Amino acid sequence: MSRLVLLVDIGPDPLPQITPVSRAPINWAPPPKAAVVVPPPTDVEVKPGTDSITITWSASPLPGAEYVVWRAADVRGAPGAWEIVTRTTDTRYTYTDTTGAVSWWKITVLVNGVSSGDSDGSPMTPVVPPTTAELILIQQRLDKETADRFEAVAAESQARADAVADLAEDLSDAARLSAEGIAANAAAIAAEASERASALLNERLEWKAGLSREAAIRENADESLAYAMSQVSAGSGTQFDSRNIWYFDATSDGWTCNGEPSVVDGWLRPADATSFPYLQSPDGLDIDGGAYRFVKLRIKRVGSPVWAGRLQWATAAAPVWSDTRAVTVPEPVWDRDGVATIDFQDVGWWPSVLKQIRIQVGAAQDESAHHLIDWVAIGRPTPGAGVALVQQEAAARITADSVEATQRESLAVQLRGDYEGDDLSGLTTGLIASEQLARIDGDEAVMRVVEVIQARMPEGDESLATEASVVSEREARLEADLAQAKVSQAIQARLPDGDGAVASVDALDSVTGRVENNEQGLVAMGERVVSMTAQLDGTHAGDEDTFAGDDDTYAGTITVYTVIADGDRAVGKQVELVDANLGAFKSSATSQLVAMATEVAASAEKVDSVRVELEGKASTESLSQLRNSVEQNADGIVAVAEGLQSVRIDLGGKASAQVVQGMETRVQQNEQGLIQVLARAFMQVMADAGGGPLIGGMVIDNNGSVVNTRFLSTTFEVIAPGAANGMELRDGYLRVWAGNSQRIIGNGFGADGLMDYFGPNVGVAAANKLNAKMWMDRNGDAYWGGTLRAGAINSSGQFNLNNANWDSASNISVVHAGSQGRTKVVLWSARLSAEVISFGNSPQPTRTGTMRLRVWRDAALLWDESITASSVNVYEGDSNRTLTTQTWQWPQRSFTDTTNATGNIPYRMQIDFVGGTRYDIPAFVVGAEASVAVLNIIES
């Protein structure tokens, strides 16, 4: 074989020392890969659970990521040595921890053998479940809280009932005040008319018969006045015999004072003085003090002087003035013109001869506040039969900015007999008075009519005084922004006794209408008050004696109607009150109706209250409230309808009983839809026998999703009508029976304090441990005397295998606790992986080995199975590595264990290497190749 040779001429120069000079590059070696950067895990959360700790985190964005869970014990608030707990591809891991101790947790990410940085270490303590004793205490607290909540609901309902009772009481008080105010106004009008007539009848007692007329006209630049008065009077006798009388028509008639007196239109005016402005009669009167012991004078007040009425005297035997010879008189009742007549009666100057008198009526005297004297008389009373008087008075006045017209008519009569005084309560009198007023003043107009009818008869032998009156008032008033009309009428019939009344009947009816434009806008209001009362004084009212008795008697009715309309609301209201009292026994009934509408709401309410009382000893009360409302505001629409009823008895604080029941419905809606739907009904029963209140009852709530019913009761009975088969819930136990058998569940029934009983149908009292087929008592003890078939008993365990424990003889073990000796099914499965990682495409030699798995119950071998596995090489180009694995896989097997052993039975499983070659079991393997064993025992 020949071979061709090619020769090349390289020239005469010598060869280089190294041939070739530099090494030519080669292109067959793989280029180096960039290092993989694995970010640490994010959103790591460590949360406690019952005997466990759960760690969660977000998935890594890199493919093929695995997660390593690390744990460290707590050492004085810092993590100790970190240990790997598991490797997993999940993003959640739960660790069982029954120690209750603090531990630290962190996560790292592995991608193709490259690890990320650690997450922040987080300490956590598992939740230790409470012990049985603690659970008992917790349940007892929950039971008490439930009872307390129920009692709180009862207290709330009682408070609502009390509030309604208070409302009824306030309504009664308001109605009484309104009626009393109108009655007081009518009484004041009657008193004014009566006092005016009294002054007229007593003014000139020497009249026999008379007719007088008085007229006045006054006109100037500011005022025009026309005044006329006419009087017609008749008297059947004289009532006052004057020894001396001074009229002061033109002069002072010899009277002096601490200064110079003056006469003004027939009235004597004392000189101004800052104190003691007296008037002193002429000296040397020479009046028999034993025969004439009365002084009478008619006076008038101007402005508001301070009253100080006093009379002093000097006699022939004692001519020097002294405070010991003086008497005082209280301020009289002034008529509309400020005129009154006063008397000094039975003056103690007898039996001396009267020499001079000194009179004082005011504490001080000046231009704006002083008194005037019309006449003064010294004399004595004499018998008179009667006086009749008719007076008509009219006046018209015009000033620069007002017009006024008044007319007053009075018809007064009295039968005096031999009465010597001027107190009309001792006389038979009659009065008809009418007053009319029309006035326009600036921007105000007032029209008013008042009428009074009054008659009185004094008390006599074995008889009481009698009195009857009718008062009527009508008024129309206009102002720039006000229109008001009012009509009221009051009648009274009574048997007076001094300042009080032995018996009386009062009735009034008042109506007021008012339209006003005020700061809040236009307002229209109307009110009507109707009242009638009757009363008897207990010292005069009785069954046997005409004027004998023990108890006061009272009966009354009041009705108040109110209407209001303005720019913001409309209100209609009616209140009715009826009450009756006799001594210590009192009763009342109150009712209120209210309807109201505003720009955003409407509501209506009805309240009824009935109350009966034996004062200080016992009281009963029944009340009812109905209330509805609809409101639309920024929160949406709220509609409410509710009702409340209550009955209550109180035995003077010694005992009480009350029942409160109510209903409530509420719906609230806004733009997003329904917010609240509630239907609720409740009934509370409360009784106090002296040892504190005991509360029971029921509450039913329905919110559209859940109906909740709660009962609070010492005993509870639901009794079936059947005899052979039935059910009853009572006295703290539930009993069901059928034929000859019964089951009872309760809170400590029978002589043995049982909580559960099954046995012959002997009833509750005879149920005991001796005749029971099954019982449980309150001490926690139990007994079953029949044939028992219990449910399944399951015992299981899952075990992670690694290089330290895979072949342990005790690691994979489960104690089957509480076995009943029945047949058991034992299930198991296991997977064991050996793993080697090599750089680059570096396959490892094949190894083949055999592993054996055995299962024992205690010392008895139940199963023995061996598996042979060979290693497999897999090159992973992405990570440029070779993964060599050798896996032994035992699929789930089962074995029926027929042992009849009872109690706690130990089971265990063990894996061991029995021949061939193998690679090492790593510290941990994750994913599909993880090493794990499962052992499960089921007894049924």
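Predicted model: local features only at pLDDT ≥ 70, side-chain atom pairs only at ≥ 80, totals over all residues.
Residues are numbered from 1 along each chain as its sequence is written, and side-chain values use heavy atoms, with hydrogens and water left out.

The largest nonpolar core has 30 residues. A nonpolar core here is a set of buried Ala, Val, Leu, Ile, Met, Phe, Trp, Tyr and Cys residues joined through side-chain atoms within 4.5 Å. Buried stands for under 20% relative accessible area, exposed for over 50%, and partly exposed for values in between, with a 1.4 Å probe and protein chains only. The members that touch the most other members are Trp 255, Leu 297, Trp 349, Ile 357, Ile 373, Val 376 and Ile 378. Two or more residues each come from strands E17 (294-302), E18 (307-315), E20 (339-344), E21 (353-362) and E22 (370-381). E21 gives the largest share, four residues. Element labels follow DSSP runs, numbered from the N terminus: helices (H or I) have at least four residues and strands (E) at least two.

With neighbours within four places in sequence left aside, Ile 357 is in contact (heavy atoms within 4.5 Å) with Trp 255, Leu 279, Gln 280, Ser 281, Leu 285, Leu 311, Gln 312, Trp 313, Trp 321, Trp 349 and Ile 378. Another core, of 27 residues, lies apart from the largest one and includes Val 814, Ala 869, Met 909 and Ile 937.

The loop between E20 and E21 contains Pro 351. The peptide bond from Trp 350 to Pro 351 is cis, with omega near 0 degrees. Most residues other than glycine have a negative phi, and most peptide bonds are trans. Asp 253 has a positive phi of about 50 degrees and is found in the loop between strand E11 (240-246) and strand E12 (256-257). Asp 265 also has a positive phi of about 50 degrees, in the loop between strand E13 (262-264) and strand E14 (267-269). Asp 253 is partly exposed, at 31% relative accessible area, whereas Asp 265 is exposed, at 75%.

Aromatic rings are treated next. Rings of Phe, Tyr and Trp (its six-membered ring) pair if their centres lie within 6.5 Å; planes under 30 degrees apart count as stacked, over 60 as edge-to-face and the rest as tilted. The count comes to nine aromatic pairs. Trp 307 and Trp 334 form an edge-to-face pair, with 6.1 Å centre to centre and 75 degrees between the planes. This pair links distant parts of the chain, 27 residues apart: Trp 307 is in strand E18, and Trp 334 is in the loop between strand E19 (326-329) and E20. Both Trp 307 and Trp 334 are buried. Ring pairs also link Trp 246, Phe 248 and Trp 255 into a cluster.

Charges sit over rings as well, defined by NZ of Lys or CZ of Arg within 6 Å of the ring centre and within 35 degrees of the ring normal. The charged end of Arg 358 sits over the ring of Tyr 278, 4.3 Å from its centre.

Ser 624 is buried, with a relative accessible area of 18%. Beyond residues up to four places away in sequence, Ser 624 touches Lys 606, Val 607, Asp 608, Leu 644 and Gln 645.

Strands E37 (residues 656-670) and E38 (residues 673-688) pair in the antiparallel sense over 15 bridges, where pairing requires at least two DSSP bridges between two strands. A hairpin of two residues joins E37 to E38, and Glu 664 has Arg 680 in E38 as its bridge partner. E38 also pairs in the antiparallel sense with strand E39 (residues 693-702), over ten bridges. Met 686 stands opposite Ile 695 in E39. Four residues separate E38 and E39 in their hairpin, and Gly 690 in the turn has a positive phi of about 110 degrees.

An open sheet of five strands has the order E48-E56-E50-E54-E53, with antiparallel pairing. Strand E48 (793-800) and strand E53 (872-876) stand at the edges with a single partner strand each, so one side of each is left without a neighbour in the sheet. Within this sheet, strand E50 (residues 824-839) and strand E54 (residues 881-897) run antiparallel and are joined by 15 bridges. Lys 824 has Asp 897 in E54 as its bridge partner.
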